[in-house]
Amino acid sequence: MWLLWGQQAVVSKGPAMLHGPAAMGEPWPPQPQQQQRLPGLGNASEPPAWPSAAAAGPGTAAPGGGAAAAGSVSPWDIALCATGTAVAGENALVLAVLFYTPSLRAPMFLLIGSLALADLLAGLGLVANFAVRYLLRPPSEAAELAAAGLLLAAFSASVCSLLAITVDRYLSLYNALTYHSERTLGFTCAMVLLMWLLCLGVGLLPLLGWNCLRDQSSCSILRPVTKDNAAVLAVTFLLLFALMMQLYLQICKIAFRHAQQIAVQHQFIATAQASSTRKGLSTLSLILGTFALCWIPFAIYSLVADSSYPAVYTYSLALPATCNSLINPIIYAFRNPDIQKSLWLACCGCIPSTFSSRPRTSSDV
């Protein structure tokens with residue numbers, strides 16, 4: 001009887017249990033808790049979008065460490081590291097040619113060597129920054145600041161070397177008669193040394209406390225550089241670019257005037273001088289155009305943006321800026337006839353018969 005009553009009781013309770021969520025074939029009590037937990041587990045298992053992997057963003061200083069913390073390598077950081085490797089190798093070739101060629105000891109080649117050394121250090125700084133972010137465990141603040149300082153010093157020296165080359169070209173045309181007696185190798189060495197000391201001082205600023213590691217809200221896109229310091233660097237860069245543009249415009253005017261004077265005195269070489277002037281103008285456009293396209297967008301973005309901006313914007317503007325160090329050897333070194341001659345001798349042991357080593361004239365920019 002008790003057994004039959006129990007079975008009837010169970011049967012009589014069965015329909016009552018089917019009035020709730022169990023009518024859909026789901027258990028009653030655990031169901032709300034599972035609904036609360038599943039979304040959280042789903043979000044945790046989903047990988048983050050790749051731009052947010054480096055949420056702090058990169059710059060000419062050390063980029064943020066978000067990608068390293070997430071355990072994944074950002075493709076942008078790989079691109080920067082590969083660019084740094086190519087930059088270092090290309091500029092190392094320029095330095096080797098200048099070092100092993102005794103005839104390349106003029107002040108102009110010393111400035112080209114300074115530019116190549118700065119770009120070489122910039123390439124090494126990009127590789128070192130990648131190693132600090134992804135290979136150094138545990139992360140070290142000192143190593144991050146040192147990598148940032150190396151990048152700041154190298155890119156500052158690169159821009160200053162470009163300005164020094166511009167000034168040298170201007171003086172070689174403005175004071176064409178006294179240039180070689182006034183611009184001695186010792187004077188140029190002293191100026192280059194002073195410039196490098198100034199740039200090394202800029203590179204030491206992050207190590208001396210000018211960083212945002214203790215206050216992440218003050219970080220700029222050039223982490224660990226603060227927003228105020230990044231604005232100062234960007235404004236200084238824009239002023240240097242304006243000075244370079246003004247000097248090259250003056251060079252252009254002087255080159256035109258010299259070409260006209262030579263054409264009046266020697267009508268039979270007017271065509272050659274016109275060709276030389278056109279080549280100078282194309283060189284001028286190449287120099288200013290490349291420099292502006294690589295650096296101006298990044299400098300302006302450094303003024304208006306901060307660390308809260310999407311990292312993809314910073315990466316997409318920082319990569320062209322670093323590529324400027326890849327283009328500099330092509331513009332300032334490999335297009336030079338003397339360096340071309342040394343490269344042919346070093347690689348092939350001879351100079352091709354089609355090689356033209358026309359000396360640089362006052363109408364060349």
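## Cysteine 294

Cysteine 294 is buried, because its relative accessible area is 9% and the cut-off for buried is under 20%. This is a predicted model.

A disulfide needs sulfur atoms within 2.5 Å.

## The disulfide

The structure holds one disulfide. Its partners are cysteine 212 and cysteine 219. Their sulfur atoms lie 1.9 Å apart. A disulfide is a covalent bond between the sulfur atoms of two cysteines.

The link of cysteine 212 and cysteine 219 is right-handed, with 95° about the S-S bond. Both cysteine 212 and cysteine 219 are buried.

## Threonine 226

Threonine 226 sits in a loop. Helix H8 (185-204) and helix H9 (227-265) are the helices that this loop lies between. Threonine 226 is buried, because its relative accessible area of 14% falls in the range under 20%.

The side chain of threonine 226 makes a polar contact with the side chain of asparagine 229, at 3.0 Å. Leaving aside residues up to four places away in sequence, threonine 226 touches Asn211, Cys212, Ser218 and Ser220. One of these, Cys212, is a partner in the disulfide with cysteine 219.

## Cysteine 252

Cysteine 252 is also a buried residue, with a relative accessibility of 13%. That value counts as buried because the cut-off is under 20%.

Conventions. Residues numbered from 1 in each chain as written. Predicted model: local features only at pLDDT ≥ 70, side-chain atom pairs only at ≥ 80, totals over all residues. Heavy atoms only, no water. Helix = DSSP H or I, 4+ residues; strand = E, 2+ residues; numbered from the N terminus. Buried < 20%, exposed > 50% of the residue type's maximum accessible area, 1.4 Å probe, protein only. Polar contact = N/O pair within 3.5 Å; in protein donor to acceptor, adjacent residues only side chain to side chain. Contact = heavy atoms within 4.5 Å.
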